[in-house]
Amino acid sequence: MKKTLLCAMVTVSLAAAMMTGCGSSGGEAGSEAGQVTLQFMNHTGEDRTIKYEDELIAEFEAANPDIKIEVQRMSMDDYTQTIQTKFASDDAPDVFVIEQSNLELYAKNDYLLDLSDTDIVNHYDGNMLAYDGKMYGAPLGVNAYVVTYNKSIFDKVGVEIPETLDEFYAACDAIQAAGYTPLAAGYQDSWVLMADTQAEYVTSIMKDDLDALKKLESREVRFADSADWRAVFERFGRRLAYTQGDQFGTDWNTACTMLANAEAAMVISGDWTANNVADMGEEVELGAFVLPVSNNADDTVVVYPGAGQSYAVSAASTKQEAAIKFVDFLTTKEAGEKYVSEGIGICVIKDVEAPEGATTLGDVVNMISSGKARALSAEADFNFKEEYRAAFQNVVSQFVLDGGTDVDKVLADLDSEFDRIAGN
Amino acid sequence: MKNAKGYFWFLVPSIVLFAFTVAVPFVSGLNIAFTDWDGISKEYHYVFLDNFIRMFQDSNIVQAIKVTLLFAIGYTALNNILSLFLAILLGDKFRGVGILKTIFFVPMALSAVLAAFVWGFIDRKILSGILGKSLLGSPSTVIIGIIIIALWSGIGSNIMIYMAGLSNIPQDYYEAAQIDGANAWKRFQYITLPLLGPSFTTCITLTLTSALREFGITMSATGGGPARSSEMISIFIYNNLFSYQKAGYGQAVALVFMIILMVLGIGLTRFFRSKEVEM
């Protein structure tokens with residue numbers, strides 16, 4: 001008897017929960033005339049950036065009591081697929097984040113609202129996400145590939161920031177001799193491996209040739225025939241010896257933990273590394289420098305795309321006016337200054353200046369202000385297109401698993417995979 | 001017989017749910033297999049059998065088939081041996097049997113993503129320390145790692161079916177055999193095994209077909225890596241459908257795969273049914 005009663009109670013409470021669930025979402029549309037709720041979807045992952053974003057949203061909602069923002073965040077790995085599914089099912093969020101790599105596909109299919117005639121254009125000196133002469137995305141920060149290092153290890157071992165390749169190897173040797181792991185590699189998350197190789201080929205190849213990846217995809221250039229690509233894999237293979245080993249059994253967070261706990265001295269990835277490590281709790285002093293790619297110190301420059309991840313408005317949104325207002329608010333000079341002063345990253349909004357005082361990225365920001373930098377056009381895309389990217393990642397994974405010594409094989413394998421995909 | 005119609009109404013909710021979530025989308029997506037749809041654009045063109053022809057020229061699909069078979073056969077064998085063994089153990093009455101049952105069944109309530117997350121953590125932090133290298137991080141052991149996760153999270157259902165099957169075997173048979181001098185192994189071999197026939201039919205068929213379709217655990221644990229070493233057919237299809245912008249091709253592979261699974265499922269059921277003995 002007792003059991004039946006319990007069952008009945010559970011059933012009733014479940015049913016009630018379901019009904020209230022429906023009720024609240026159903027009531028939203030009709031409640032309070034004039035109240036607009038915007039769906040905002042992105043893949044912000046780092047706690048500090050989430051906090052920054054939430055504070056801005058709260059400010060916006062306070063200034064615009066009639067607009068409510070509903071944020072939906074997911075991991076980068078799920079994001080692209082989710083947003084494409086939402087496009088296909090006419091369920092696109094009002095405001096979302098896009099990258100250069102998807103711009104053409106989305107713009108061609110009329111999923112993005114043309115922002116050219118809005119005030120948002122005035123926030124930029126021309127570095128917005130544009131396709132066919134129209135502005136489709138409003139960028140805030142740009143990403144640059146950097147080596148994030150643990151200052152305490154560098155101090156203890158007594159190594160300086162390397163500016164040439166030989167200095168870099170010497171620093172790695174010294175750190176290894178002192179009993180630390182020079183490089184933490186968390187390749188279990190596939191994007192980490194990609195970012196690691198990008199730190200090589202963006203600084204060495206794409207700096208001078210924006211279309212380098214497209215030429216490989218169209219097979220105009222073959223990996224095996226290119227001395228530059230051979231050099232990329234020779235360098236990448238050589239520094240594998242400085243990693244902790246079992247790279248595919250180590251994930252991104254573990255690699256960051258190793259850096260934070262001073263087990264490993266460096267992580268090669270992007271400017272986001274420092275934010276991620278800062279979220280792991282411990283007080284740890286980090287710095288960042290650009291990975292040297294040659295023995296000429298002048299080649300070591302910060303390379304960054306004119307426009308990074310950008311805010312876009314759905315062309316299918318029924319609340320475009322509010323959405324434009326929101327994107328405008330997210331990309332003001334004040335928002336940009338907050339972004340830079342909280343040390344979140346590098347900003348592309350007009351007239352935003354880096355604050356005095358050392359943040360982790362201070363050295364990199366200084367390199368930009370002192371001209372040791374190369375801003376690429378807004379069309380720069382550091383990623384291969386999806387299937388090529390997967391093939392690249394798989395072949396390079398195999399290269400890592402084989403110990404990173406057989407450069408001929410990785411180049412030949414890349415060519416045969418790219419041939420296969422291009423032939424299809 | 002009079003009640004048959006009445007019973008049918010109990011099926012209606014399931015049938016409606018199945019129709020709207022499985023049957024209708026399946027039929028309405030069939031034509032995609034004959035198109036060059038990229039998975040996002042509003043228009044597509046019919047390319048007839050091109051997608052099916054490409055399937056036979058694709059070298060990557062061979063690797064996916066190998067991985068799938070390796071996992072499915074390994075998982076099915078281990079799952080059935082282990083779950084039968086545990087079902088016999090748990091069929092006895094001893095202190096703590098209730099707790100043990102709960103321990104084996106609870107993981108079934110967790111999602112594949114959660115199971116993969118928990119085991120990914122164990123693999124990175126504990127197994128890698130014991131074995132010197134993580135299971136999921138190297139191509140030679142990644143399938144073993146995924147089998148362990150799948151066993152942990154899915155063994156409960158087979159234990160349940162085997163326990164039900166065991167409890168259906170009349171105790172008289174065992175007593176009679178014991179009097180005739182049959183030892184425990186002989187009793188298992190000549191009574192338990194043949195009389196468990198219906199359970200074998202269900203368990204082996206269901207485990208094998210679900211293992212061939214395995215997606216969730218692998219996707220969340222490794223995403224098919226490292227270097228394609230755990231890329232199963234289901235992940236191959238997913239990648240083409242969603243990541244590579246080759247939805248037409250992905251759908252074609254899915255269609256062929258589904259037909260193979262159906263033939264296999266029906267064939268296995270027929271085979272095992274023919275071996276079953278009447279009690």
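## A tour of two interfaces

Four salt bridges cross the interface of chain B and chain A, a salt bridge being a side-chain nitrogen of Lys or Arg within 4 Å of a carboxyl oxygen of Asp or Glu. This is a predicted model, in which local features need pLDDT of at least 70 and side-chain atom pairs count only at pLDDT 80 or more, while totals for chains, interfaces and linings use all residues. Residues are numbered from 1 along each chain as its sequence is written, chains are lettered from A in the order in which they are written, and side-chain values use heavy atoms, with hydrogens and water left out.

**Stop 1: chain B against chain A**

Select B:Arg124 and A:Asp251. They form a salt bridge, with the closest N and O atoms 3.3 Å apart.

Next, select helices H3 (59-91), H5 (112-131) and H11 (233-243) of chain B. Each supplies at least two residues of the side of chain B that touches chain A. Helices here are DSSP runs (H or I, at least four residues), numbered from the N terminus. By class, that side of chain B has eight nonpolar, eight polar and nine charged residues. Ala, Val, Leu, Ile, Met, Phe, Trp, Tyr, Cys and Pro count as nonpolar, Asp, Glu, Lys and Arg as charged, and the others, Gly among them, as polar.

Now show both sides. Contact (heavy atoms within 4.5 Å) involves 25 residues of chain B and 26 residues of chain A. The two chains bury about 2300 Å² between them, 47% of it on carbon and sulfur atoms. Buried area is the accessible area (1.4 Å probe) that two parts lose on being put together, summed over both. Seven residue pairs, both at pLDDT 80 or more, are in polar contact between chain B and chain A. A polar contact is a pair of N or O atoms within 3.5 Å; within protein, one must be able to donate a hydrogen and the other to accept it, and residues adjacent in sequence count only if both atoms are side-chain atoms.

**Stop 2: the two domains of chain A**

Color chain A by domain. Domain 1 is 6-142 + 308-352, and domain 2 is 145-304 + 377-422; the bounds come from an automatic or database domain assignment. Their C-alpha centres lie 31 Å apart. Each domain of chain A gives 13 residues to the contact.

How much area do domain 1 and domain 2 of chain A bury between them? About 1200 Å², 46% of it on carbon and sulfur atoms. Select A:Glu46, A:Arg48 and A:Gln100. These supply 39% of the area that domain 1 buries against domain 2, more than any other three residues.

Look for salt bridges across this domain interface: the rule finds zero.

Finish on helices H2 (47-63) and H4 (100-108) of chain A. Each supplies at least two residues of the side of domain 1 that touches domain 2. H2(A) gives the largest share, three residues. The residues of that side of domain 1 divide into four nonpolar, five polar and four charged.
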